[in-house]
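Please keep the structure open while reading.

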Amino acid sequence: MLHFYVYRAPKRPKPRQVQYPAVFLFNDNWDDFGYKTLFKSSIQLDGDAEEIELGEVKILEMSDEGPVYRPQIDDHFTSLETRFCSLGQSVRYYRHLRDDLPRKVRRDYLTAIRDIVSRPKQRARFEQQPGFEISLLRNGSARDALRRGGHYIGAPVQELEPPAFDFRMTLPGSKAPHEINIDFTPHHGLPHRINLLIGRNGTGKTQLLAHLAQSLYGVGQLGEDESELLGTAEIIAGKPEFSKIIAISYSAFDQFPIPKGEPRRGRKALFDYKYCGLRNASGAIDVDELKI
C-alpha cells in the first residue's frame, strides 16, 4: 500500500512520521483560469532510499454541484476516491513510472491516483467536466501524454494521423499572402518527417517561422516582444497539435520574438518552446557569453 502526503504552497514541511512507500504531492497554486489542479509528484520507496522525482500531474475532482476549482484532497491518503482523476503532464512522467519504479509499485500508484491513461474507461466520466479541457489538457505535452503515455505503462495508445495543415502569412508590402502546405503524411511508404523552406536572404523565412510558432500556440501567448512580428498569419486548414516546438537560429541578424511563458518559480513555461541560438533570455546577444 502506498501512502500519499500532500503539501501546499508556499511550503509545508514534509511529514516526519512517514509510512513507506511514500508519495509526496506538492501543490503550488498554479492557476489554470481558476483551476488549481497541478501537483509535482515524487516517491520514496523506503526510509533509506533516495526520493524519485516523477514529474507534474494534475488532479481533477468531479461534482454534480458544478466545477471544483481546487481538488479537496486529504493531507494523507492511500487512494483517491472515484470522484477524482489524474493525468501526467508529459510523456516523461510515464517514462519515469516505467523506468524508476518496480512493476507492483507502479501499478499501485496508477490505481491509487486514478490515472486516466492506465484506465481509459475512467476518462469518459470526466471528459464533460469543464476542467478537463481547461486544466488537465491545457498544454500540448499533456495531450501528448494522454495519447502516448500508455506505451510506457502497458496501456492502450491512441494512434493519430501525421499532422497536415495549410498556413497563410501576409508580410508588410507584399501584394498577396504567402500560402504553404505543411504535410507530414508518409509518401510512397517513406516517412515524411521534414518540410524544407527555401528562399533568398531577407525574403521573410524567419518571420514566417516565427508567425508559424505563434499561430500554433495561439495569439496572445508571446511575451512583450510580440510587436516585433510584422504582418499577419493564420492556420487556414487543419488543426495541428504539437507537444514541443524547437527553434534553432544561429544568425546574428534574426530578431524574431521568443515566446515567453508565465513564470513558474524557476520551472518550465506553460507550453514547451525551446530556443537554441545566440540570444539570451532578454533577447539580446551577449558577446562575452558567445566567447565562452
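In what order do the six strands of the open sheet with mixed pairing stand? The order is β5-β1-β2-β3-β4-β6. The model is a predicted one, and the sections below take its parts in turn.

## The six-strand sheet

The edges of this sheet are held by β5 (76–77) and β6. Each has a single partner strand, so one side of each lacks a neighbour in the sheet.

Within the sheet, β3 (residues 38–44) and β4 (residues 52–61) are paired in the antiparallel sense, over six bridges. Serine 42 has glutamate 53, in β4, as its bridge partner. Strands of a sheet pair through backbone hydrogen bonds, either parallel or antiparallel.

## The three-strand sheet

A further open sheet is formed by three strands in the order β8-β7-β9, with antiparallel pairing. Its edge strands, β8 and β9 (232–237), each pair on one side only. Neighbouring strands here are turned against each other by 25° on average, direction ignored.

Six bridges join β7 (residues 164–170) to β8, again in the antiparallel sense. Methionine 169 stands opposite histidine 178, which belongs to β8.

## Helix α5 and its cover

Which residues of helix α5 (residues 140–148) are buried? They are Ser141, Ala142, Asp144, Ala145, Leu146 and Arg147. An α-helix has 3.6 residues a turn, so residues three or four places apart point the same way.

The volume of the second largest pocket is about 1000 Å³. It is lined by 32 residues, and those closest to its centre are Asn195, Leu209, Leu212, Ile245 and Ile246. Two or more lining residues come from each of β8 (178–183), α7 (205–217) and β10 (245–249). Strand β8 is also an edge strand of the three-strand sheet.

Which element gives the largest share of the lining of the second largest pocket? Helix α7 does, with nine residues. By class, the lining holds 23 nonpolar, five polar and four charged residues. Rolling a probe the size of a water molecule over the atoms shows where empty space is left.

How values were computed. Residues are numbered from 1 along each chain as its sequence is written. This is a predicted model: local features need pLDDT of at least 70, side-chain atom pairs count only at pLDDT 80 or more; totals for chains, interfaces and linings use all residues. Side-chain values use heavy atoms; hydrogens and water are left out. Buried means under 20% relative accessible area, exposed over 50%, partly exposed in between (1.4 Å probe, protein chains only). Helices (H or I, at least four residues) and strands (E, at least two) are DSSP runs, numbered from the N terminus. On a 1 Å grid over the protein atoms alone, a cavity is a set of points where a 1.4 Å probe fits but cannot get out, and a pocket is an open set with protein on both sides within 12 Å along at least five of seven lines; lining residues have an atom within 4 Å of a point. Grid points are joined across faces, edges and corners, and a volume is the space filled by probe spheres set on the points. Ala, Val, Leu, Ile, Met, Phe, Trp, Tyr, Cys and Pro count as nonpolar, Asp, Glu, Lys and Arg as charged, and the others, Gly among them, as polar. Two strands pair if DSSP finds at least two bridges between them. Axes are lines fitted to C-alpha atoms, for helices over the stretch in contact, and angles run from 0 to 180 degrees between N-to-C directions.
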